[in-house]
Amino acid sequence: MFDKITTFMDEKLSVPMAKLAEQRHLRAIRDGIIATLPLIIVSSMFMVIAFLPNSMPAEWGITKFLMLHQFKILLPYRVSMYIMTLYAVFGMGYSLANSYELDPLSGGILSELAFLLTILPQTIPAAGEAITELAAQTPELQEYLSSLPGGFLMPMGNLGSAGMFIGILATFFAVEIYRFTQKSGFKISMPPQVPSSVARSFEALTPTAVVLIAVSIITIFLGIDVHSIVLKLVTPLISASDSLVSVLLIIFLSQFFWSFGIHGWSIVGSLARPLWLVLLEQNTTALVNGTEVMNTAAEPFYQWFVMIGGSGSTIGLAILFAFFAKSAYGKALGKTSFIPAVCNINEPMIFGAPIVMNPMLIIPFIISPMVNATIAWFATSLGLINRVVASAPWTLPGPIGAFLATGNDWRAAVLSILLIILSVAIYYPFFKMYDKDLEVQEHEEA
Amino acid sequence: MKVLLVCSQGMSSAIAAKALQEAAQKKGLDVTVTECSTQAFAEEIKNGYAIGMVAPQIRHRFDVLKQQADAVQIPCVLIKPQGYTPLGGPKLLAQIEEALGEIK
């Protein structure tokens with residue numbers, strides 16, 4: 001009976017739903033954003049270093065040194081994570097064009113063009129006569145004026161997470177135009193004797209012209225600020241994603257897919273990752289600017305307080321299998337899956353135990369992460385731990401990752417350890433039952 | 001013979017790859033196993049593999065990955081859940097033999 005229900009749900013519900021996430025535009029967003037994750041992780045570490053003084057005695061030499069050079073230490077962050085949409089757009093355009101079997105490089109470049117046309121360069125006007133006169137009398141003003149950069153300047157604000165949604169729309173627009181011009185034959189074609197690389201560069205001329213003219217008309221000639229319009233539309237969505245209800249819903253969905261053996265986090269992440277990145281980037285920006293860090297539920301929150309040991313807070317189950325299993329199979333599984341679990345890889349357990357389609361283990365698999373999330377949510381909102389401001393590599397052991405992700409907060413590491421113990425407790429009764437079952441089976445077979 | 005395992009980020013497949021490698025060595029078979037992420041699969045599969053194997057947790061992506069493998073005429077199979085564990089090496093090996101015939 002149970003088998004029939006699960007097979008039915010697997011075939012009719014979870015697989016079709018999971019396939020939705022494979023839609024090419026969603027896939028392009030996922031690929032583009034995932035391609036920027038190394039940038040985000042490495043530049044997060046610059047943040048961690050720059051803000052080490054917060055957790056070190058003020059009189060130490062290294063503290064003073066870091067404080068003095070904080071601005072410079074953060075510059076690499078400014079050209080990487082701070083403007084991550086600039087990078088993501090190229091990746092999204094590349095992936096989307098590739099999925100249409102168009103030249104991916106042209107797709108990336110066209111998307112970048114459409115995106116940058118929504119953020120126009122500006123110039124600082126030269127100082128007028130009155131200002132120059134004043135400056136002659138005030139050395140401070142003189143110094144300020146000479147520190148101003150000349151030439152064209154690109155405001156960086158919307159190149160970061162704030163521009164993410166425009167980045168996505170710009171990519172779709174550019175690549176769809178590219179596809180339309182290719183498919184409709186509305187393009188400059190070369191005779192077959194021309195080398196294919198040359199022919200390709202000519203083929204990209206029409207879509208480039210269309211994108212350039214269309215977006216210029218919107219942003220330059222009609223003067224429409226698409227960023228502020230879209231920001232108004234997505235702000236409610238962003239704040240809704242930062243609530244306990246959404247956190248629990250996201251975890252439930254992810255665990256639901258995993259219960260059928262489908263990578264739930266990757267599916268939920270395809271949709272939610274743009275929002276998580278906005279939440280995280282707002283936090284790091286607040287930290288760098290010295291204002292209050294506001295958001296709780298950016299991806300590192302899930303990573304370090306919910307998915308300890310992998311989706312489902314399975315670190316508890318891994319500890320139980322490794323140290324408390326009585327059955328031969330349980331012991332063997334524990335031995336091989338404990339180290340991966342410390343690094344938050346739990347497929348060995350999900351498919352090995354298995355948790356998939358296993359009514360005994362699915363219950364704690366869904367409950368444990370939701371309990372952890374609720375506790376971590378209140379610990380954060382009561383100010384017992386810092387909010388997440390950095391993205392640490394997800395294969396780090398839980399307490400270390402929690403420490404780094406919260407900007408070096410040792411209390412977060414303590415919370416992580418407490419949640420690990422709690423996860424052991426939640427899995428314990430179910431593990432006991434299952435291990436007993438395995439033992440009985442082994443007896444019967446022997 | 002070269003085998004390519006693909007999972008979401010090429011992390012968990014590394015564990016299954018090791019298990020398969022060991023199982024093959026035990027039987028004295030010449031099998032080299034590599035793992036990669038979904039994003040890298042389309043390019044990597046072009047490098048002379050005998051078969052591509054897709055991790056069970058990304059089976060909703062199987063169709064897309066299979067197309068990419070079909071494009072270079074490489075067989076592509078979905079790994080059975082029971083084989084995708086550190087102890088599943090022999091099962092993975094059996095699945096390869098099921099798809100390609102006996103390995104020499």
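Tutor: Two strands pair if DSSP finds at least two bridges between them. The model discussed here is predicted.

Student: In what order do the 4 strands of the open sheet in chain B lie?

Tutor: The sheet is open and its pairing is parallel. The twist averages 25° from one strand to the next. The order of the strands in chain B is β2-β1-β3-β4.

Student: Which strands of chain B stand at the edges of that sheet?

Tutor: An edge strand has a single partner strand, so one side of it is left without a neighbour in the sheet. In chain B this applies to β2 (32-37) and β4 (76-78).

Student: Over how many bridges do β1 and β3 of chain B pair?

Tutor: Strand β1(B) covers residues 2-7 and strand β3(B) covers residues 51-54. L4(B) stands opposite G52(B), and L5(B) has M53(B) as its bridge partner. The two strands pair in the parallel sense, and the number of bridges is 4.

Student: Which residue of β4(B) is the bridge partner of G52(B)?

Tutor: Strands β3(B) and β4(B) pair in the parallel sense over 3 bridges. In β4(B), the partner of G52(B) is C76(B).

Student: Which helix of chain B packs on the sheet, touching β1, β3 and β4?

Tutor: The direction of this helix makes about 160° with that of β4(B). The helix spans residues 62-70 of chain B and is α3.

Student: What distance separates the C-alpha atoms of K27(B) and K66(B)?

Tutor: Along the chain, K27(B) and K66(B) are 39 residues apart.

Student: How are α7(A) and α12(A) oriented to each other, roughly parallel or roughly perpendicular?

Tutor: The axes of α7 (residues 104-116) and α12 (residues 205-221) of chain A come within 9 Å and cross at roughly 15°. Angles under 35 degrees count as roughly parallel. Therefore α7(A) and α12(A) are roughly parallel.

Student: Is the crossing of α7(A) and α12(A) right-handed or left-handed, and which residues make the contact?

Tutor: The crossing is right-handed. On α12(A) the contact uses P207(A), T208(A), V211(A), L212(A) and V215(A). By class, this contact has 7 nonpolar, 1 polar and no charged residues. The residues of α7(A) that take part are L110(A), L113(A) and A114(A).

Student: What is the handedness of the crossing of α2(A) and α15(A), left-handed or right-handed?

Tutor: The axes of α2 (residues 24-50) and α15 (residues 264-289) of chain A come within 10 Å and cross at roughly 25°. The two helices are therefore roughly parallel to each other. Their crossing is left-handed.

Student: How do the residues of the contact of α2(A) with α15(A) divide by class?

Tutor: From α2(A) come L26(A), I29(A), R30(A), I33(A) and M47(A). These meet S270(A), R273(A), P274(A), L277(A) and T284(A) in α15(A). The division is 6 nonpolar, 2 polar and 2 charged.

Student: How many residues of chain B are in contact with chain A, and how do they divide by class?

Tutor: On the chain A side, 23 residues take part, and on the chain B side 17. The residues of chain B that touch chain A divide into 9 nonpolar, 6 polar and 2 charged.

Key: Residues are numbered from 1 along each chain as its sequence is written. Chains are lettered from A and ligands numbered from 1 in the order in which they are written. This is a predicted model: local features need pLDDT of at least 70, side-chain atom pairs count only at pLDDT 80 or more; totals for chains, interfaces and linings use all residues. Two residues are in contact if their C-beta atoms, placed from the backbone, lie within 7 Å. Ala, Val, Leu, Ile, Met, Phe, Trp, Tyr, Cys and Pro count as nonpolar, Asp, Glu, Lys and Arg as charged, and the others, Gly among them, as polar. Axes are lines fitted to C-alpha atoms, for helices over the stretch in contact, and angles run from 0 to 180 degrees between N-to-C directions. Angles under 35 degrees count as roughly parallel, over 145 as roughly antiparallel, 65 to 115 as roughly perpendicular and the rest as oblique. A crossing is left-handed if the near helix is turned anticlockwise from the far one by less than a right angle, and right-handed if clockwise.
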